[in-house]
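This report describes the fold, the salt bridges and the surface patches of one protein. The sequence and the model are shown below.

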Amino acid sequence: MANSRLEKIGTIITRTQGLLKSGALKFDERPLWYDVVTTFPPKEEPRFDRPAPRVDVRPIFYQEDAIRAKFHKTSKATYTVNLADFSNRTATQQFIDIHRDLSTQGALDEEKVFETALDLLEDKMRQQREKRAATTEVAEETVKTPVKEDVGKTVKLQDIFSD
């Protein structure tokens, strides 16, 4: 049985079937993928010695990829990104939008467009930080001032959850 632990002997499917038949693995404890693979078996047996398929991989480069790479290479500032926030665009996306707008105007060469876009992005980020700071200060003030009507008021859970 020790030889069956090698990847070269059988496939993961046959080894799992062997464990199930021998009782080493209970049927209720079988892997999640086992039912899927037995219902929809792969077209080719997943063996270790099977040659990798020859698939041509197309190079996927977008026009803004070079701009994005140059931005991250030359930008000194570090920007935090909240991946759960879909309402705000990242600094890189904002930079690409600014760069695209400036380059469509056609008045500047490529290097001047890049430098101008960096400056405009810095101004925009500074304005956003100031706006956030002002919003935070207003929010802190509203939290600190208690409402006179709510002071001493008792709230019952029955009132909250009643239909």
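**Exposure classes and overall architecture**

A residue is called buried when its relative accessible area is under 20%, exposed when that area is over 50%, and partly exposed in between. By this scale Asp-35, at 33% relative accessibility, counts as partly exposed. The model discussed here is predicted.

The protein contains six helices and zero strands, and its pattern along the sequence reads α-α-α-α-α-α. Of the 163 residues in the protein, 15% are buried.

**Helix H1**

Helix H1 covers residues 12–22, and its buried residues are Ile-13, Thr-16 and Leu-20. Because these buried residues fall within an arc of 70° when H1 is seen down its axis, they line one face of the helix. Lys-21 and Ser-22, on the other side of H1, are exposed.

**Salt bridges**

Side chains of opposite charge can pair when their charged atoms come close.

Which parts of the protein does the pair Lys-70 and Glu-111 tie together? The side chains of Lys-70 and Glu-111 meet in a salt bridge with an N to O distance of 2.9 Å. Since Lys-70 lies in helix H3 and Glu-111 in helix H5, this pair ties together parts that are 41 residues apart in sequence. Lys-70 is partly exposed at 30% relative accessibility, and Glu-111 is partly exposed with a relative accessible area of 38%.

A further group of charged residues, made up of Glu-64, Arg-89, Asp-97 and Arg-100, is linked in a network of salt bridges.

**Negative surface patch**

Asp-109, Glu-110, Glu-115 and Asp-119 gather on the surface in a patch of negative charge. Glu-110 belongs to helix H5, which spans residues 110–144. A residue must have over 30% relative accessible area and no salt bridge to be part of a patch. Glu-110, at 48% relative accessibility, counts as partly exposed, so its accessibility passes that cut-off.

**Nonpolar surface patch**

Which residues form the nonpolar patch on the surface? They are Val-155, Leu-157, Ile-160 and Phe-161, which together have about 470 Å² of accessible area. Leu-157 lies in helix H6, a helix of residues 157–161. With a relative accessible area of 60%, Leu-157 is exposed, because the exposed class begins over 50%.

Conventions:
Residues are numbered from 1 along each chain as its sequence is written. This is a predicted model: local features need pLDDT of at least 70, side-chain atom pairs count only at pLDDT 80 or more; totals for chains, interfaces and linings use all residues. Side-chain values use heavy atoms; hydrogens and water are left out. Patches are made of residues with over 30% relative accessible area and no salt bridge: like charges are joined within 9 Å, nonpolar side chains (Val, Leu, Ile, Met, Phe, Trp, Tyr) within 5 Å. Accessible areas come from the Shrake-Rupley method with a 1.4 Å probe; for residues, only the protein chains shown count as cover. A salt bridge is a side-chain nitrogen of Lys or Arg within 4 Å of a carboxyl oxygen of Asp or Glu. Lys and Arg count as positive and Asp and Glu as negative; His and the chain ends are not counted. The place of a charge is taken as NZ of Lys, CZ of Arg, CG of Asp or CD of Glu. Helices (H or I, at least four residues) and strands (E, at least two) are DSSP runs, numbered from the N terminus. Buried means under 20% relative accessible area, exposed over 50%, partly exposed in between (1.4 Å probe, protein chains only). The arc is that of the directions from the helix axis to the C-beta atoms.
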